[in-house]
Amino acid sequence: MMMMSIPKQDTLDILCPMHVQVDATGHITHVGPTLRKVRPGKPWVGERVLEVLRIMRPREVMNMDELFRILGDKLHIELRDAPRTGLKGVAMPDGTGGVIVNLTFGISVLDAVRDFALSSADFAPTDLTVEMLYLVEAKSAAMEASRKLNLRLQGAKLAAEQQAVTDTLTGLKNRRAMDQALEKYVEMGRPFALMHIDLDYFKAVNDTYGHAAGDHVLLNVATIFRRMTRVGDIIARVGGDEFVVLMPGNTVKSNLTRTGQRIIDALEKPTDFKGETCRISGSIGTVIWNGRSDVNPETLMDDADVALYASKNAGRARQTFYDPKLRDST
Amino acid sequence: MHGLALRAVQLFVNDCHGAAKWAKILNSAGFEFDEFEAMLDYEEEVAQKLLVAMTDVLERPASDILEDIGTYLVSHPNVEALRRLLRFGGVTFEEFLHSLDELPDRARLAVPDLVLPSIELREHSAVNFSIICQGNFEGFGHVLAGLLRTMADDYGALAFVEHGGGGQGAETLSVTLLEATFSEGRKFDLGAHVA
């Protein structure tokens with residue numbers, strides 16, 4: 001076998017700044033410049049390699065014979081000194097009976113660079129470590145920018161939702177818009193009637209024919225309300241199958257009775273959905289405000305609600321006007 | 001134009017000239033928003049409108065403003081990340097100059113849709129270089145000139161950078177490296193990154 005000579009130390013220091021030269025007896029004879037920084041103050045040279053490096057994989061190495069059996073294999077190594085930096089490596093014969101172990105930080109490189117204050121010059125020009133560090137920083141900066149954008153967009157979306165005054169399915173106003181309108185009319189002292197309508201048997205339609213049928217019925221109901229009310233009336237869907245109509249200036253009980261009845265009649269007309277006939281009805285509770293008494297908008301809503309439940313209790317499909325006596329009976 | 005670039009300009013105005021000027025600039029440009037989003041894309045003309053508004057409000061020629069932006073980008077603590085990313089390009093200023101060719105690729109590695117003007121370094125002698133940049137934003141050469149001057153300081157090198165004008169979409173810079181290690185420069189700690 002031809003004897004080879006170890007390349008000059010300068011050559012190896014540049015090509016592999018993290019290599020360790022070990023003689024046949026397992027003693028270190030030279031280490032690359034970057035590795036020297038990794039155990040500051042330690043001699044390296046003259047130390048036993050296996051007392052400095054703990055070779056864990058492919059298997060725990062206890063002596064040089066075992067190391068010679070895994071030449072060329074990928075080694076998982078840990079420095080025995082704190083902070084027990086993890087290393088990857090490969091060992092090959094040096095041609096004179098010893099071995100050269102070339103090392104790299106592998107995935108622990110971020111910590112190692114910080115722990116040992118390494119610079120770009122500590123890595124071989126062919127080593128992609130610095131590019132990897134660049135990429136980590138660049139990507140986390142980009143990620144941070146994206147994250148901030150997402151946060152801002154989410155904030156904007158929430159704000160938009162809070163400001164929304166429309167029920168997305170029916171296009172009617174939502175509860176928020178109704179609350180605002182109520183407050184406004186009470187504040188201005190303008191008389192109005194407040195009609196609270198709850199659909200009867202709607203849950204049965206939903207359960208029997210599905211949500212698509214339910215949505216179809218709701219759209220139809222919205223059309224009925226639009227047709228049966230006047231232009232200035234405010235119609236809101238305030239719950240799954242609950243609606244409130246605010247009718248400014250409409251305080252004549254006989255008119256309201258007729259309007260309520262027309263609404264109930266229209267609601268009771270069956271609607272077809274994909275060949276199925278959907279039947280619902282409606283219960284109504286109505287409160288009239290004269291525009292003078294000192295009143296809280298919430299109380300008016302509650303009054304309408306009490307009247308509505310009176311309709312429900314009396315057998316549904318009817319309209320009840322609020323009367324304080326209703327509260328006594330419940 | 002990429003929002004990252006426009007947002008950098010926004011940071012520059014706010015940090016160097018104050019929020020009031022920024023508001024004036026947006027107003028003068030006719031934009032109806034308060035800030036640029038780094039991760040969104042904007043029409044090319046937005047950058048031109050912005051620059052015109054900046055010259056009006058800051059009352060300085062565009063080339064001066066663009067150079068200031070270049071300086072700001074690699075010296076202000078609020079954009080330290082960028083200076084760090086550039087320092088990855090090389091251990092010395094000369095090595096950094098040689099890494100400029102790959103700057104657009106490096107940028108794309110970080111943000112795939114970020115398109116920078118192409119940059120070509122020509123070495124005339126050990127100390128004389130010219131840099132040709134080509135892209136669709138006229139004036140980028142001035143940004144690069146400010147950036148290179150500041151990076152030379154950062155590396156502790158003494159360099160003379162001059163914008164040599166341009167034409168047909170290309171701008172030429174000349175760089176004279178007077179002394180590679182003139183001062184200590186600023187420290188670049190490879191592992192200093194804090195996310």
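Predicted model: local features only at pLDDT ≥ 70, side-chain atom pairs only at ≥ 80, totals over all residues.
Helix 9 of chain A gives the lining of the largest cavity its largest share, four residues. Residues are numbered from 1 along each chain as its sequence is written, chains are lettered from A and ligands numbered from 1 in the order in which they are written, and side-chain values use heavy atoms, with hydrogens and water left out.

First, the empty space. Rolling a probe the size of a water molecule over the atoms shows where such space is left. Here a cavity is a set of points, on a 1 Å grid over the protein atoms alone, where a 1.4 Å probe fits but cannot get out; a pocket is an open set with protein on both sides within 12 Å along at least five of seven lines; and lining residues have an atom within 4 Å of a point. Grid points are joined across faces, edges and corners, and a volume is the space filled by probe spheres set on the points. By this rule there is one cavity of 30 Å³ or more, and the largest cavity comes out at about 30 Å³. Its lining consists of A:V217, A:N220, A:V221, A:I224, A:A266, A:L267, A:K269, A:T271 and A:I280. At least two of the lining residues come from each of helix 9 (211-228) and helix 10 (253-268) of chain A. Helices (H or I, at least four residues) and strands (E, at least two) are DSSP runs, numbered from the N terminus. Sorted by class, the cavity lining has six nonpolar, two polar and one charged residues. For these classes, Ala, Val, Leu, Ile, Met, Phe, Trp, Tyr, Cys and Pro count as nonpolar, Asp, Glu, Lys and Arg as charged, and the others, Gly among them, as polar.

Two or more lining residues each come from helix 1 (9-15) and helix 6 (129-163) of chain A, and from helix 6 (93-99) of chain B. Helix 6 of chain B provides the largest share, three residues. The classes here are 10 nonpolar, five polar and six charged.

Over in chain B, helix 5 (residues 80-87) and helix 8 (residues 140-155) pack at an angle of about 75 degrees, with their axes 12 Å apart. The two helices therefore count as roughly perpendicular (65 to 115 degrees). On the helix 5 side the contact (heavy atoms within 4.5 Å) uses B:R83, B:L86 and B:R87, and on the helix 8 side B:L147, B:M151, B:D154 and B:Y155. That makes four nonpolar, no polar and three charged residues.

Helix 8 of chain B also holds B:H142, which is buried (under 20% relative accessible area) at 16%. Leaving out residues up to four places away in sequence, B:H142 touches B:S63, B:L66, B:E67, B:H163 and B:E171. Another buried residue, B:I119, has a relative accessible area of 6% and sits in strand 1 (residues 118-123) of chain B. With the sequence neighbours up to four places away again left out, B:I119 has contacts that include B:L100, B:P104, B:F140 and B:L144.

Definitions and conventions. Buried < 20%, exposed > 50% of the residue type's maximum accessible area, 1.4 Å probe, protein only. Axes fitted to C-alpha atoms, helices over the stretch in contact; angles between N-to-C directions. Parallel < 35°, antiparallel > 145°, perpendicular 65-115°, else oblique.
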